[in-house]
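Keep the sequence and the 3D view open as you read.

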Amino acid sequence: MPKKKKISEIKLELSDKQRQHLKSDSATPEGLGVKKSEYNRWWKEPLFSVVDELIDYGFINRDSIDEELTTIKAAVLCFHGFAYTEIEAHLGLEAETVLKWTHSDWTDDTAEIFHRALDQIKDSNRKPAEPRETDDWTKRDMMIPLILQGKNNQEIADEIGASRQAVSYWRNHDDDFKDNLRTEIKAYRDTQRAKFAQVLDKAYQSLEALLDSSDPAIKLKAAVEILKSSNK
């Protein structure tokens, strides 16, 4: 556990540029107008790095960052050892909120985000266990499709024939692998969006075909569905 700081010494706000990066899966230093050194430094800030990791692992969505920030801030402060009452007062939470999150069985979505964020910041600050000498580093990138499938570290280790500590090290402390994973996650999301767009297009075509139906009830229902979609 690191030396305890004052709450005011812990960065608990995101700059506009950091928000812009986190809310976009294609933001670059040049596009944000920041130096590469500043861009790289963001990942050393607990709040930013935890939010970024939770997005990458699919626990929160880019468009719901602002809704989850208070919960993630509470996790950061818990990691630094602040009393629940201090955290609740600083973040404007109701009494015993953090206590409930801490002892939750994770059935509540907000409590799950709290636990995921706390686990993530613990992992990033824990001294990493180095892979064993027998671990084959060429197996490292075999993890990516398994991570995209949602498998945990032990399942990945069993499947690729590596130790669990190697999987944990590569996933949480190997910058090259984390960069590759981000790239693959973006490509995966782009593919999923393209597939969804194709399905949506086919759905519209089917509705348009129903407009020519001889059955007035079917024509009316198709027209209503098209109008509903156009207003979303």
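In this predicted model, R19 and D66 form a salt bridge, and their closest N and O atoms are 2.3 Å apart. R19 belongs to helix α1, residues 16–22, while D66 belongs to helix α5, residues 65–79. The pair therefore ties together parts that lie 47 residues apart in sequence. Both partners are partly exposed: R19 has a relative accessible area of 24%, and D66 has one of 41%.

Why can such pairs form? Side chains of opposite charge can pair when their charged atoms come close. The structure holds 12 salt bridges in total.

Now turn to helix α12, which covers residues 175–210. D179 and R182 both sit in this helix, three residues apart. That spacing is about one turn of the helix. Their side chains meet in a salt bridge, at 3.6 Å from N to O. K186 and D190 are also both in α12, but four residues apart, again about one turn. Their salt bridge has an N to O distance of 2.9 Å.

D179 has a relative accessible area of 42%, and R182 has 21%. For K186 the value is 29%, and for D190 it is 31%.

| Salt bridge | N to O distance |
|---|---|
| R19 and D66 | 2.3 Å |
| D179 and R182 | 3.6 Å |
| K186 and D190 | 2.9 Å |

**A network of charges**

Together with D52, E53 and K178, they are linked in a network of salt bridges.

**The enclosed helix**

D52 and E53 lead us to helix α4. Are they buried or exposed there? Both D52 and E53 are buried in α4. Other buried residues of this helix include L47, F48, V50, V51, L54 and I55.

What surrounds it? The buried residues of α4 pack against α1, α5, α8 (109–125) and α12. Another, α12, holds D179 and R182.

After α4 comes G58, whose phi is positive, near 80°.

Conventions: Residues are numbered from 1 along each chain as its sequence is written. This is a predicted model: local features need pLDDT of at least 70, side-chain atom pairs count only at pLDDT 80 or more; totals for chains, interfaces and linings use all residues. Side-chain values use heavy atoms; hydrogens and water are left out. A salt bridge is a side-chain nitrogen of Lys or Arg within 4 Å of a carboxyl oxygen of Asp or Glu. Helices (H or I, at least four residues) and strands (E, at least two) are DSSP runs, numbered from the N terminus. Buried means under 20% relative accessible area, exposed over 50%, partly exposed in between (1.4 Å probe, protein chains only). Contact means heavy atoms within 4.5 Å.
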